[in-house]
Amino acid sequence: MTITLYDFPAKRDEHTAWNPNVWKTRYSLVYKNLPYRTVLVEFPDLEHIMQLLGAAPTETKPDGSPKYTLPVIHDSATNAVVSDSFTIAQYLEETYPSPPLFPNGTHAFHASFNDLFPARIEPMLQFLIPSIACVLNPRSEVYFRRTRKEMFGMELTELYPAKGSEKRDQEWRRFEEGLGMLDRTMRKSDILIMGGNLPCFADFTVAGWLCSFRTVFGADSEEWRGLMQWHDGRWYRFMKALEKYEHDSVQPMLARL
């Protein structure tokens, strides 16, 4: 049995994962100790490859046509093709229940957390999305810049708050405050969201976004070092606790049309 995980490549290193939603699935697969391989897909090829695979679209474009996103997995044991990180987590939980991603009857909590957490980190997106374009291969970068310009009604360079500007300082504080709301719901002694020593999908949701931020900005960047100091170093301890679930055991391969 092998699960194929579809992800996007990056130009700095073909093994550098940057997509936050794919990170959630990667964490889940490693945590459940499920053998898998990663197949990399460039943005302009995504729709065609997903249609060939039989993957379900996860969104709808403004013109009403289906939109395909990653992650997607194909499970050779069941021949299932599953789209969307939360739907994938549900599939993995039902098919391979141990260890659990939704422990102790917390499925409803996780469904709510999955819906609500993005609002907490919404200020991050104006920093993250323009920066993602810089780590993509040329074909994907052109596609990403064009489609995000259509989405936001402006160039990505306009979306990104300028360094040294008052807006940047304000939005950065809003990002810190958003994570602070999660920090305040957790006991000071806890490292993981639900306490204890074993992670859950909510942990992987938060860590997926933080991994994306670290990849795009760089582990040595001022932004990442500052984030790791927020809230008395909680997010540093949080990421260290999940570090063992980050790593691929097999090098990814590029999808061929």
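## Helices and rings: worked exercises

Residues Arg 168, Trp 172, Phe 175, Glu 176, Leu 179, Gly 180, Leu 182 and Asp 183 of H8 contact Glu 223, Leu 227, Trp 230, His 231, Arg 234 and Trp 235 of H10 (contact: heavy atoms within 4.5 Å; helices: DSSP runs, H or I, of at least four residues, numbered from the N terminus). The model is predicted: local features need pLDDT of at least 70, side-chain atom pairs pLDDT 80 or more, while totals for chains, interfaces and linings use all residues. Numbering starts from 1 along each chain as its sequence is written, and side-chain values use heavy atoms, without hydrogens and water.

**Exercise 1.** Describe the contact of H8 with H10 by class.

*Solution.* Sort the residues: Ala, Val, Leu, Ile, Met, Phe, Trp, Tyr, Cys and Pro are nonpolar, Asp, Glu, Lys and Arg charged, the others, Gly among them, polar. The contact has seven nonpolar, two polar and five charged residues.

**Exercise 2.** Find how Phe 113 and Phe 117 are arranged.

*Solution.* Step 1: apply the ring rule. Rings of Phe, Tyr and Trp (its six-membered ring) pair with centres within 6.5 Å; planes under 30 degrees apart are stacked, over 60 edge-to-face, the rest tilted. Step 2: read the geometry. The centres of Phe 113 and Phe 117 lie 5.4 Å apart, with 10° between the planes, and the pair is stacked. Step 3: check the helix. Phe 113 and Phe 117 are four residues apart in helix H4 (residues 107-120), so about one helical turn separates them. Step 4: check burial (under 20% relative accessible area). Phe 113 is buried at 12%, and Phe 117 is buried at 4%.

How values were computed: Helix = DSSP H or I, 4+ residues; strand = E, 2+ residues; numbered from the N terminus. Buried < 20%, exposed > 50% of the residue type's maximum accessible area, 1.4 Å probe, protein only.
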